[in-house]
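Reader: I'm new to this one. Could you show me how to read its strands and its aromatic rings?

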Amino acid sequence: MKLKELAERLGCELSGDPDLDIHGIATIDEAGPNELTFLTNPRYSRKLATTRAGAVLLSSSSPAAPLPSLRCGDPHRALARALALFYEPPPRLPGVHPTAIVGDGAKLGEGVSVGPYVVIGERAEIGDGSVLHPHVVVYPDVKIGKNFVAHAGAVIRERVVIGDNVVVHAGVVLGSDGFGFVPVAGSHPLKIPQTGSVKVEDDVEIGANSTVDRATVGATVLGAGAKLDNLVMIGHGSKVGEDSLLAGQVGLAGSTVVGRRVMMGGQAGAAGHLTIGDGVQVAAKSGIANSLEPGAVVGGYPAIEASLWRRAVAAFPKLPDLLRRVRQLELGGPEKRSAET
């Protein structure tokens, strides 16, 4: 489309040739004369002088650029919208592939696409416009809303309930048994039956090979708009609030309650049976041992207030020398030790 049209659709201020044809979007190093690039991190500003891009998407506060530009207050959001405008999703063919198995009493909505070797259990319900890619398995009595997308190899266990516009990527498992066992003296651990389920609300996206365990009783819940990265593990009975973001390898032990709009960095973990308040931000690799108040920003293990954690990390390399100096002071300094010797 013309650069002018793109600016209008993104709500950006245009500087430069409005009739420039834009065919797609590319990185600042790879973009060509008819592609839009983007600058969302100031550290790459120097590359504007050498990029071959036809135009650039910038923050309103960025310095003048040597090429046509689109400026707005939130370039990350504008970039997401621009990518959606140019993205062409793979074709989807409604219908059931001959190799798929659909159990008795299962209900498929209008326009549902069921790929090769998919298995849909008895009495399962799948909403209009949903897509099940090859080797997806849906157990009996599952209820799924509209526009659901399950990528290859995803498994949806019995009685799981899924809302509208949910995406699960390859290898996701929803509703596997929670890790519930009772130690028994002189015998093997006793398994606690995991009789609950999983509830996934609207507009949730779950990354590849992530797992959400069913509750012992009741339901493990992912709130509307929550986004899970790859390899995230949600323990049984946990609840993740609306619009929360959990990065790769985050782990929640059972019965963790995560509030709304919480952000957890990669490999962060929660000990379980605790509450993480609304708007909390957790740094990568942090260990949460206690409940956190709404709005807290924490890091480290055990997780503490982030600015304190950063100061402590900065002090770690200095500790050996500091300890040596303290010992010298306690002994009265080198002169006293020499005299005693």
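Author: Let's go through the strands, then the rings. Keep in mind that this is a predicted model.

Reader: How do strands in a sheet pair?

Author: In general, they pair through backbone hydrogen bonds, either parallel or antiparallel. Here, look at strand 2 (residues 24–25) and strand 3 (residues 35–38): they pair in the parallel sense over two bridges. Within strand 3, Leu36 is the residue opposite Ile25.

Reader: How many bridges join strand 3 to strand 4?

Author: Three, and those strands run parallel, with strand 4 covering residues 55–59. Find Phe38, and you'll see Leu57 of strand 4 standing opposite.

Reader: What is the order of the strands in the open sheet?

Author: The order is 7-10-13-16-19-24-27-30-33-36, which makes 10 strands with parallel pairing. Strand 7 (101–102) and strand 36 (287–288) each have a single partner strand, so they're the edges, and one side of each has no neighbour in the sheet. For a pairing inside that order, take strand 30 (residues 251–252) and strand 33 (residues 269–270), parallel over two bridges. Gly251 has Gly269 in strand 33 as its bridge partner.

Reader: And the rings? How do I describe a pair?

Author: You describe a pair of aromatic rings by the distance of the centres and the angle of the planes. This structure holds one aromatic pair. Phe179 and Phe181 sit 5.3 Å apart centre to centre, with 65° between the planes, so the pair is edge-to-face, as angles over 60 degrees count that way.

Reader: Is Phe179 buried or exposed?

Author: Exposed, because its relative accessibility is 70%. Phe181, at 39% relative accessible area, is partly exposed.

How values were computed:
Residues numbered from 1 in each chain as written. Predicted model: local features only at pLDDT ≥ 70, side-chain atom pairs only at ≥ 80, totals over all residues. Heavy atoms only, no water. Phe/Tyr/Trp six-rings, centres within 6.5 Å; stacked < 30°, edge-to-face > 60°. Buried < 20%, exposed > 50% of the residue type's maximum accessible area, 1.4 Å probe, protein only. Pairing = 2+ DSSP bridges. Helix = DSSP H or I, 4+ residues; strand = E, 2+ residues; numbered from the N terminus.
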